[in-house]
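This briefing sets out selected features of the structure shown below, which is a predicted model. The points are grouped by topic for reference alongside the coordinates.

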Amino acid sequence: MAFTRATGKHRRPGRIHRGTARAAGVAALTGSGVVGSLAAPALAAEPAAAQTGITPVVTLGDTVADRIDAQAAAQHEAAREAAEAEARKAAEEAAREKAAKEAEKVRAEKERAAREAERERLNAFVSPIPGSYVSTGYKTGGAVWSSGSHTGVDFHAANGTPVQSVGAGTVVEAGWGGAYGNQVVIKMHDGTYTQYGHLSSVNVSAGQQVTPGQQIGLSGSTGNVTGAHLHFEARTSADYGSDLDPVAYLRAHGVSL
Ligand SMILES: [Zn+2]
C-alpha cells in the first residue's frame, strides 16, 4: 500500500502543501513592512495563483484544519459531556422515581395496616364489665322476671362500676326502661342488639355511635332488682323476646368469660 497516500479528513492536498513555503515568504515580506512596489518584482516571478490570495488561504488552511480538528474534538467532547449529563440526569430521575414509588408503597402499606387495625378494633368484642363474672345465668327461672325466666345474664357489679359497650354500634335507646331501670340498647354493626339494664347513670344518647369498650354508663340498681348488678342481654332484634344466650354470644365474638 506504499503507493497510496493516507487521506485524512482534514489533510491538505499535496499541491497546496507546496505553496506553503512561498506563502511564508509573502508573510515575511508583508511582516517586514516591505510592501507595494518593492515586493512586486519579487512576486512578479511567482505564478499568478500565488499572488491572488490563494496561498495565504492555503496557509490559513493549516490553521483552519487544526481549528476544524480542534472544533471537531471540542464538539465531540461537548457531545460526550452532554450525553453523560443526559445519562446522569436520567439516572437521577429514575432514582428519584424509584424512591418516590418506594415511599408511596410504604405509605400505602402503613395506611392499609392502619385501616386493618382500625377494622379489627371496631370488630372486636369485649366484656361489658372487664374482670367481672356472671352472677345469675341465662334462662334462670324465678318470680322476679316477668317472662318467668331470665332473658339475659347478670354481671356482678357494685353500684357505680363503669359499663362499656361490648362492640361497635349505634345507641338506639338510652333512658328509662321500666323493669330494666335506666337502660341502654345498642344496635351492633352485625345487626344484633345488646342491652344494658339497672344502670345508675347513662352516659350516651340515642343515635350516638359507640366503639368497643366505650363507657356507656355506670352500674346500679334501678328498676326491678334486689341489688346492684348489670343486666346484660343480646338479641337478634330490638324486640323483647328475641334474646340470645349472652355468654354464648360474647364467646362467639371472641370474649373470654
Ligand atoms: Zn338480669
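Asp 239 is located in the loop that links β10 and β11 (243-244). Asp 239 is exposed, because its relative accessible area of 51% is over the 50% cut-off. The C-alpha atom of Asp 239 is 9.2 Å from that of Tyr 193, although 46 residues separate the two along the chain.

- Strands β1 and β2 are paired in the antiparallel sense, with two bridges between them.
- Within this pairing, Thr 136 has Asp 154 of β2 as its bridge partner.
- Strand β2 also pairs with β10 (residues 229-235), again in the antiparallel sense, and here over four bridges.
- Phe 155 is positioned opposite Leu 230, a residue of β10.
- As a general principle, strands of a sheet pair through backbone hydrogen bonds, in either a parallel or an antiparallel arrangement.

**The open sheet β3-β9-β7**

- An open sheet is formed by three strands in the order β3-β9-β7, with antiparallel pairing.
- Its edge strands are β3 (162-164) and β7 (201-202), each of which pairs on one side only.
- Strands β3 and β9 (residues 215-218) run antiparallel and are joined by three bridges.
- In this pairing, Val 163 stands opposite Gly 217 of β9.

**Salt bridges**

- Across the whole structure, a search identifies 11 salt bridges.
- One of them links Arg 80 with Glu 77, and the closest N and O atoms of this pair are 2.7 Å apart.
- Arg 80 and Glu 77 both belong to helix α5 (residues 54-123), where a spacing of three residues places them about one turn of the helix apart.
- Arg 80 counts as partly exposed at 35% relative accessibility, and Glu 77 is also partly exposed, with a relative accessible area of 30%.
- Another salt bridge connects Glu 104 with Arg 107, the closest N and O atoms being 2.9 Å apart.
- Glu 104 and Arg 107 likewise both lie in helix α5, three residues apart, or about one turn of the helix.
- Glu 104 has a relative accessibility of 39% and counts as partly exposed, as does Arg 107, whose relative accessible area is 40%.
- The side chains of Arg 235 and Glu 233 also meet in a salt bridge, with an N to O distance of 3.0 Å.
- Arg 235 is buried, because its relative accessible area of 6% is under 20%.
- Glu 233 is buried as well, with a relative accessible area of 1%.
- Salt bridges with shared partners join Glu 104, Arg 107, Glu 111 and Arg 115 into one network.

- Gln 183 lies in strand β5 (residues 182-188).
- With a relative accessibility of 5%, Gln 183 counts as buried.
- The side chain of Gln 183 is joined to that of Gln 195 by a polar contact of 2.5 Å.
- Leaving aside residues up to four places away in sequence, Gln 183 touches Glu 173, Ala 174, Gly 175, Gly 177, Gln 195, Tyr 196, Gly 197, Leu 199 and Val 202.

- Lys 139 is not a glycine, yet it has a positive phi of about 70°.
- Lys 139 sits in the loop between β1 (134-136) and β2 (153-156).
- His 198, which is not a glycine either, has a positive phi of about 65°.
- His 198 is part of strand β6 (residues 193-199).
- The relative accessibility of His 198 is 5%, so this residue counts as buried.

Technical notes. Residues numbered from 1 in each chain as written. Predicted model: local features only at pLDDT ≥ 70, side-chain atom pairs only at ≥ 80, totals over all residues. Heavy atoms only, no water. Buried < 20%, exposed > 50% of the residue type's maximum accessible area, 1.4 Å probe, protein only. Pairing = 2+ DSSP bridges. Salt bridge = Lys/Arg side-chain N within 4 Å of Asp/Glu carboxyl O. Polar contact = N/O pair within 3.5 Å; in protein donor to acceptor, adjacent residues only side chain to side chain. Contact = heavy atoms within 4.5 Å.
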